[in-house]
Amino acid sequence: VAGDKHRYDNELRPELTMRMIRTMQDFGIEPDVWKIEGFENTDAYEKIVFAVRIDGRDNVGIITLGRNETDEVVASWLRASKPVPGVIGFAVGRTVFLDPLLRYRKGGLGREEAVQEIGTKFTSFFLIFKEA
């Protein structure tokens, strides 16, 4: 994909993720919840859920990681996951807190402002996921 991150995410990463999951399962690694970086389209989520639930693993789910992406990208990932049973949550640590904490550390943001910004950002992702 000539170093194009967007093309990698859309053209290669879903298949590579499924191969990684299958390889881990073949070696006896059987998590109940897989933390997977998000995808832009529902089809990729469906394939990943199929992969984690193959061979009777019916109670296995996935959560979407934020990968420190922009709010817009993470929101699109959460929306793409909406119709897919098996996507059970999300984990968006750096996406939510990194920028406010760095600004707080440098003195450009007060403690309460940082807390408020982090809370607001997390809540917005929660509402997107909940509505999805």
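Ring pairs join Phe 90, Phe 122 and Phe 129 into a cluster, where rings of Phe, Tyr and Trp (for Trp, the six-membered ring) are taken to pair if their centres lie within 6.5 Å, with planes under 30 degrees apart counted as stacked, over 60 as edge-to-face and the rest as tilted. The structure is a predicted model, in which local features need pLDDT of at least 70 and side-chain atom pairs count only at pLDDT 80 or more, whereas totals for chains, interfaces and linings use all residues. Residues are numbered from 1 along each chain as its sequence is written, and side-chain values use heavy atoms, with hydrogens and water left out.

The protein contains five helices and three strands, these being DSSP runs numbered from the N terminus (H or I of at least four residues for helices, E of at least two for strands). Along the sequence they follow the pattern α-β-α-β-α-β-α-α, and the C-alpha atoms fill a box of roughly 50 × 35 × 25 Å, taken along the principal axes. Of the 132 residues, 35% are buried, a class defined by a relative accessible area under 20%, with exposed meaning over 50% and partly exposed in between (1.4 Å probe, protein chains only). Among contacts with a separation of 6 or more, 71% are between residues 24 or more positions apart, contact being defined as heavy atoms within 4.5 Å.

Helix 2 comprises the twelve residues 42-53, which at 1.5 Å a residue should span 16 Å, and the end C-alpha atoms are 16 Å apart, in agreement with that value; the expected span is 1.5 Å times one less than the number of residues. The buried residues of helix 2 are Ala 44, Tyr 45, Ile 48, Val 49, Ala 51 and Val 52. They cover an arc of only 160 degrees around the axis, which puts them on the same side of helix 2, the arc being that of the directions from the helix axis to the C-beta atoms. An α-helix has 3.6 residues a turn, so residues three or four places apart point the same way. The packing partners of the buried residues of helix 2 are helix 1 (5-26), strand 1 (33-37), strand 2 (61-65), helix 3 (71-80) and strand 3 (87-91).

At the start of helix 2, a side-chain oxygen of Asn 41 lies within 3.2 Å of the backbone nitrogen of Asp 43. This is a polar contact, defined as a pair of N or O atoms within 3.5 Å, of which, within protein, one must be able to donate a hydrogen and the other to accept it, and for which residues adjacent in sequence count only if both atoms are side-chain atoms. Helix 2 is followed by Asp 55, whose phi is positive, near 60 degrees. Arg 57 is placed in the loop between helix 2 and strand 2 and counts as buried at 16% relative accessibility. The side chain of Arg 57 reaches the backbone oxygen of Ile 54 at 2.8 Å, and, with neighbours within four places in sequence left aside, Arg 57 is in contact with Arg 22, Gln 25, Glu 30 and Val 52.

The largest nonpolar core has 26 residues, and those with the most contacts inside it are Tyr 45, Ile 62 and Phe 125; such a core is a set of buried Ala, Val, Leu, Ile, Met, Phe, Trp, Tyr and Cys residues joined through side-chain atoms within 4.5 Å. Helix 1, strand 1, helix 2, helix 3, strand 3 and helix 5 (111-131) each supply at least two residues of this core, and helix 2 gives the most, with six residues. Apart from residues up to four places away in sequence, Phe 125 touches Asp 71, Val 74, Ala 75, Leu 78, Phe 90, Val 92, Thr 95 and Val 96. Met 18, found in helix 1, is buried at a relative accessible area of 18% and, beyond neighbours within four places in sequence, is in contact with Lys 47, Ile 48 and Ala 51.

The ring-pair rule gives a count of three aromatic pairs. The rings of Phe 39 and Tyr 45 have their centres 5.5 Å apart and their planes at 90 degrees, so the pair is edge-to-face; Phe 39 is buried at 2% relative accessibility, and Tyr 45 is buried at 1%. The rings of Phe 90 and Phe 129 have their centres 5.5 Å apart and their planes at 55 degrees, so this pair is tilted. The pair links distant parts of the chain, with Phe 90 in strand 3 and Phe 129 in helix 5, 39 residues apart.
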